[in-house]
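Trainee: I would like a close look at a single part of this model, with the cut-offs spelled out.

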Amino acid sequence: MSPTRHLSIVYFFTGNIQGGLGPFLATWLAQTKAWTPERIGWINTLVGLAALLLNGPAGALVDRLKLPRLLLGLACAAIFGGTALLFLADGVPGVVAAHGTATLGGILVLPAATALTLGIVGRKAFPRQHGRNEAFNHAGILASALMIAGGSVLIGPDAALFVMAGMAVGAILATVTTPGDAWDAGRAQGEDEGEEDGKAGGAGRAGSGGGAGREEVSPLRAVLTDRRLLMLALVLALFSLGNGVMLSLIGQRVAAEGGSATAWTAGYVVAAQLTMIPVALWGGRLAERGGGKPLLVVACAALLARALLSAWIADPFWLVPVQVLDGLGSGLIGVAVPVVVANASAGTGRTQTALGTVYAMQGVGGQLSHAFGGTLAGWFGWSGAFLALAAPVGAALALALLLPGGAAVETEAEAEV
């Protein structure tokens, strides 16, 4: 099997475990431990905030060690361990330990998987391969959701934990069977094939790295000192500020109007995930020709349309096609961000450092979104809240249009020539 096939399988199995235990932890605690929403909310917030602080350092660790396959395997093992610990957890300390262990693994998954992909296919082939990876990622999320839904009928809420543990094991097996000699440190740092003349190839370079001798740069400074990366981080933060709470508010409105919120929300998730699979494949091909900027622009425009339509449409049935716009926007964002970061940081030796920090700033927007959206709904009602959420998305669209470069973004060295 080719290394790129292994990458697709890795992304399939990591789809439902990126970020750790995800939303299923809350429902499992509520159903099996009878925990209150307040207790669950505080634990998720505290662990989530700690995860945001570790995103940049996790990317820096991947850049420094240059062992993405090992780190990805360890990350998935941590997620498996955290999932298993939940069955033994009794009380807040045990749950926090299990949740924290899985979250630490989830933080490492994205930068390690991205570095593994870059080191196998190189910067030029990265957009198309990453689009393929994202398509398999969304297929994995969809398959997991269906298995959890079916398993819950048979064995109850524990089905979610068994499925997540199984996906973690699958990801470990797919990672360790990926050919190690297919990965190259120079390619992982964004070097073009022409830049590798005179260097030892393949496994001989895997540990040497092109970043030796460079000035050490903190994760935050790596973004703040690069105008393109800073603008991208602001786009993502604003995008998530408007997007993070939107599905939750739609479900709450359905419940407030007497509808079956759980069933409709599940339908909205399925509609979005089914859209993301072809969108990721198409986005990868588009990014290969035009870079990540066009994808960011279309993603922000799709989310803006979704917010405006959600303010106008209250019927839960007609909101199903509206959620296709969520699939379009989120699917394109997932493809575009690593492509833009890889191009902007090519040859610097800190691609995953920058990627982790950018994702952390995106997470800040997502964390604030729930408080922001809930407050808006209380003040202005449902329609007013969706209209207000459109404001940060409109700002994200404006910034995306101002991002430098329509095609592959130049590296700093190329810009000086």
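Which residues gather in a patch of positive charge on the surface?

Mentor: This is a predicted model, in which local features need pLDDT of at least 70, side-chain atom pairs count only at pLDDT 80 or more, and totals for chains, interfaces and linings use all residues. Residues are numbered from 1 along each chain as its sequence is written, and side-chain values use heavy atoms, with hydrogens and water left out. The positive patch on the surface is made up of Arg5, Arg132, Arg285 and Arg289. Patch members have over 30% relative accessible area and no salt bridge, with like charges joined within 9 Å and nonpolar side chains (Val, Leu, Ile, Met, Phe, Trp, Tyr) within 5 Å; areas come from the Shrake-Rupley method with a 1.4 Å probe, and for residues only the protein chains shown count as cover. Lys and Arg count as positive and Asp and Glu as negative, while His and the chain ends are not counted, and the place of an Arg charge is taken as CZ. Arg285 belongs to helix H12 (residues 261-290), helices being DSSP runs (H or I) of at least four residues, numbered from the N terminus. With a relative accessible area of 39%, Arg285 is partly exposed, a class between buried (under 20%) and exposed (over 50%). As for salt bridges (a side-chain nitrogen of Lys or Arg within 4 Å of a carboxyl oxygen of Asp or Glu), a search of the whole structure finds one. That salt bridge joins the side chains of Arg306 and Asp326 at 3.5 Å, N to O, and both residues are buried.

Key: Buried < 20%, exposed > 50% of the residue type's maximum accessible area, 1.4 Å probe, protein only. Helix = DSSP H or I, 4+ residues; strand = E, 2+ residues; numbered from the N terminus.
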